[in-house]
Amino acid sequence: MYRHILIVVADHPSSRAAVNEGVRLAQGLGARVLFAHVLHRHVVAVTDMPPVATLAPEEFERESAKLAERVLEAAMASAAEAGVAAAREVVQAANDTDGLCGLTRERGCDLVVVGSEGGNALTRLLTGSVVSGLITRSSVPVLVCHEAREAAAATGNEAAAAPAPIPPVPPFG
């Protein structure tokens, strides 16, 4: 089955759901994990309007690196607590999806676990969701985790936390 799982780590609740699910899966399979965080890029908007608030590129890079350190440390602690072998990687790429797909190939990962906030396709298109890019371009399976299931499990609402049963698939022919 899966032996080396890449878990995408960010600073939002759906990412925590992905970390928790990925670590539980790795623990159950005896797999190792690679936590990956994509550094935010400093983007300068080109408009006629003056910027509302801005950070100097150097300050932005420092803050982005601090965020990466914080979220990766938390993920590593989750893996250590579960007894799962883990490593971490910071990804710097012009395109988040390309960076993560490249890392998956370079490090020999056989599953990608990523969190999704949900939302609709238009929102994901406008905000540049990496989830849809991974689903369409990853060379390995992608497991998408949602924070709603994680929150339901934490509150003890097992009915909401349990995945819906999969209906049988009729035979082809």
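Analyst: A residue is called buried when its relative accessible area is under 20%, exposed when that area is over 50%, and partly exposed in between. The model discussed here is predicted, and the values below are computed from its coordinates.

User: Why does Thr104 count as buried?

Analyst: Thr104 has a relative accessibility of 3%, and because the limit for a buried residue is under 20%, the value places Thr104 in the buried class. Thr104 belongs to helix H3, which spans residues 96–106, and beyond its neighbours within four places in sequence it is in contact with Leu6, Cys109, Val112 and Val140.

User: What makes Glu73 partly exposed, and where in the chain is Glu73 found?

Analyst: The relative accessible area of Glu73 is 41%, and since buried requires under 20% and exposed requires over 50%, Glu73 is partly exposed.

User: Why does Glu147 count as partly exposed, and which residues is it in contact with?

Analyst: With a relative accessibility of 33%, Glu147 falls between the limits of 20% and 50%, and is therefore partly exposed. Glu147 is part of helix H6, residues 147–154, and, its neighbours within four places in sequence left aside, it is in contact with Pro13, Ser14, Ala17 and Ser116.

User: How do you know how many disulfides the model contains?

Analyst: A disulfide is assigned when a pair of cysteine sulfur atoms lies within 2.5 Å, and by this rule the count is zero. Accessibility is a separate matter: Cys101, at 5% relative accessible area, is buried, and so is Cys109, at 6%, because both values are under 20%.

User: How do you know on which side of H5 the buried residues lie?

Analyst: Val130, Val131, Gly133 and Leu134 are buried in helix H5, residues 130–137. They are said to share one side of H5 because they cover an arc of only 165° around its axis. Exposed residues Ile135 and Thr136 are carried on the face turned away from that buried side. The buried residues of H5 pack against strand S1 (4–8), H3, strand S4 (111–116) and strand S5 (142–146).

User: What makes a set of residues a nonpolar core, and which residues have the most contacts inside the largest one?

Analyst: Such a core consists of buried residues of nonpolar kinds (Cys and Tyr are counted among them) that are joined through side-chain atoms within 4.5 Å. The largest one has 20 residues, and Ile5, Ile7, Val33 and Phe35 have the most contacts inside it. S1, helix H1 (13–29), strand S2 (32–38), H2 and S4 each contribute at least two residues to this core. Apart from it lies another core, of 16 residues, including Leu6, Val8, Leu100 and Val140. As for Phe35, its contacts beyond four places in sequence include Ile7, Val23, Leu72 and Met76.

User: How many helices and strands does the chain have, and what share of its residues is buried?

Analyst: The chain has seven helices and five strands, arranged along the sequence as β-α-β-α-β-α-β-α-α-β-α-α. Of its 173 residues, 32% are buried.

How values were computed. Residues numbered from 1 in each chain as written. Predicted model: local features only at pLDDT ≥ 70, side-chain atom pairs only at ≥ 80, totals over all residues. Heavy atoms only, no water. Buried < 20%, exposed > 50% of the residue type's maximum accessible area, 1.4 Å probe, protein only. Helix = DSSP H or I, 4+ residues; strand = E, 2+ residues; numbered from the N terminus. Contact = heavy atoms within 4.5 Å. Arc of directions from axis to C-beta.
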